[in-house]
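The following note goes through some local features of the model, point by point. Please read it with the coordinates open.

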Amino acid sequence: MKIISIFLVMFVISCSKKTEDKVDLKSFIEQGKKIQLFKTNQAYKKNIKQIDKVITSNNKKINYWNQSNYSLSNYIPSTQVEIYQKKHLIINGEFDELISLSNKIITINKYSKLQIFDKNLKKILSKKIYNKKIYKNFNLDFKLIGKGNKIYVADNLGNIHCYNVENLDLVWKQKLSVPFMSNIKIYKNDLFIINSNSKIFSLNISSGKINWSFETVSKDIKSKGSYQISIYDNKLYFTNDVGEIYCVDLLKNNIIWSLTFEPINYSQKPITFKSSPIIINRDNLFVSTNFGFLYAINPKSGLVKWSLPIENTNNFLVDKNLIFLANQDRFVIINLLNGNIIYNQQIPSIKSKSKLQFENLLLGKKNIILFSKDGQIILVNKRNLGKVKVFKKYIDFKNFIVISNNLYLITSKSLVRFR
């Protein structure tokens, strides 16, 4: 019997040494020992330079930007934006969100101060939504969208306000108690938004009355980066905080398909799920998450065409057969057809000793414009991707919009217009 036992032990040990990826028996037996089931993919860190220039679509003149990420489908086209060193205007103040509506700039900050400026940054109107007692004891977060002559404001107190853009008079208010966390989209006469319970609402934009709601699975630990909405071809796409994406037919009010995002490494799965904006361009839906993948999905069927191991929650751009992405301190270009990286380079920081942390990007007329968290604006020449210029540094970049080829951006301390 002892001989048989010894033989079995020797057999187990010898088998475990045949492959490097087998789970170590000692580690398995020792309680509390963490076993890494998957290795981290480092492809994103490799320098790749298969191209040295890009030719984008005809640059579009953008006259409005009434919602986050420009359009219902979050698709931002190549623009005619050019920025020059000496041609900019700046006003000081605190800003957290901005859109444009009726040739006006609409902003709001964490103190619930809603402001309207003209295109030359002259203040027209201002209004406080809440009194000091509320924002003094609570970190407020707002989302904006505009349609016609109405501004819609949602917040993490669970309220939605509708204001007239001409005088900031309140048209209606809907109190739903649970914090709203997603971007806002308006399709036809309906407003769509998700709360922190992963419940999506459809509201009538004229009255604020609820048309319908649909609640999905939700976690106790939440992040406002979990909830994203996109609309295209009578279909609503949204993510929730457990890492799912749904497609809803807005004509029939039923679910067409859903998918669950899986982490690239289960042993290092993030506590909270975060998603990039859902971008739809014709026959492709693109989304990336902090679970470690960028996906190309058929928006009609939910079929995954390809996935690329890149951890990203920033916005990215799609143009022709290319995907443009700026994350951490790298600028990446991906072949849209097969998901292969064709350009991947680190952008060095010139104005700061620390590494760049990119937040967003924009396709301009001559340059690809990269925005870093610390406020640096980086210009990458389309005709020569190796030609990189640091344009300017502002403190604490928040977001940008484009109106009539002018770039407007906000930081926590300023509103800036470039010409």
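1. The side chain of Asp 241 meets that of Lys 222 in a salt bridge at 3.7 Å, N to O, a salt bridge being a side-chain nitrogen of Lys or Arg within 4 Å of a carboxyl oxygen of Asp or Glu. Lys 222 lies in the loop between β14 and β15 and Asp 241 in the loop between β16 (235-239) and β17 (244-249), so the pair ties together parts that are 19 residues apart in sequence. Lys 222, at 30% relative accessibility, counts as partly exposed.

2. On provenance, this is a predicted model, in which local features need pLDDT of at least 70 and side-chain atom pairs count only at pLDDT 80 or more, while totals for chains, interfaces and linings use all residues. Residues are numbered from 1 along each chain as its sequence is written, and side-chain values use heavy atoms, with hydrogens and water left out.

3. The salt-bridge rule gives a count of eight. One of them joins Lys 365 to Glu 82, with the closest N and O atoms 4.0 Å apart; this pair links distant parts of the chain, 283 residues apart, with Lys 365 in the loop between β27 (358-363) and β28 (367-372) and Glu 82 in the loop between β1 (48-49) and β2 (88-92). Helices (H or I, at least four residues) and strands (E, at least two) are DSSP runs, numbered from the N terminus. Lys 365 is partly exposed, with a relative accessible area of 42%.

4. Lys 224 and Asp 141 also meet through their side chains in a salt bridge, at 3.3 Å from N to O. Lys 224 lies in the loop between β14 (210-215) and β15 (229-232) and Asp 141 in the loop between α3 (132-137) and β7 (142-147), so the contact ties together parts that are 83 residues apart in sequence. Lys 224 is partly exposed, its relative accessible area being 49%.

5. Which residues touch the most other members of the largest nonpolar core? They are Phe 324, Phe 331, Ile 368, Leu 370 and Ile 377, out of 50 residues in that core, where a nonpolar core is a set of buried Ala, Val, Leu, Ile, Met, Phe, Trp, Tyr and Cys residues joined through side-chain atoms within 4.5 Å. Strand β31 (residues 397-403) gives the most to this core, with five residues. A second, separate core of 17 residues includes Ile 129, Tyr 130, Val 153 and Tyr 163.

6. Two backbone angles deserve a look, given that most residues other than glycine have a negative phi. Ser 177 has a positive phi of about 70° although it is not a glycine; Ser 177 is placed in the loop between β10 (170-175) and β11 (185-187) and is exposed, with a relative accessible area of 62%. Asn 405, in the loop between β31 and β32 (406-411), likewise has a positive phi, near 70°.

7. Finally, Asn 338 is located in the loop between β25 (330-335) and β26 (341-346) and counts as partly exposed at 37% relative accessibility. Its side chain reaches the backbone nitrogen of Asn 340 at 2.9 Å.

Note on methods. Buried means under 20% relative accessible area, exposed over 50%, partly exposed in between (1.4 Å probe, protein chains only). A polar contact is a pair of N or O atoms within 3.5 Å; within protein, one must be able to donate a hydrogen and the other to accept it, and residues adjacent in sequence count only if both atoms are side-chain atoms.
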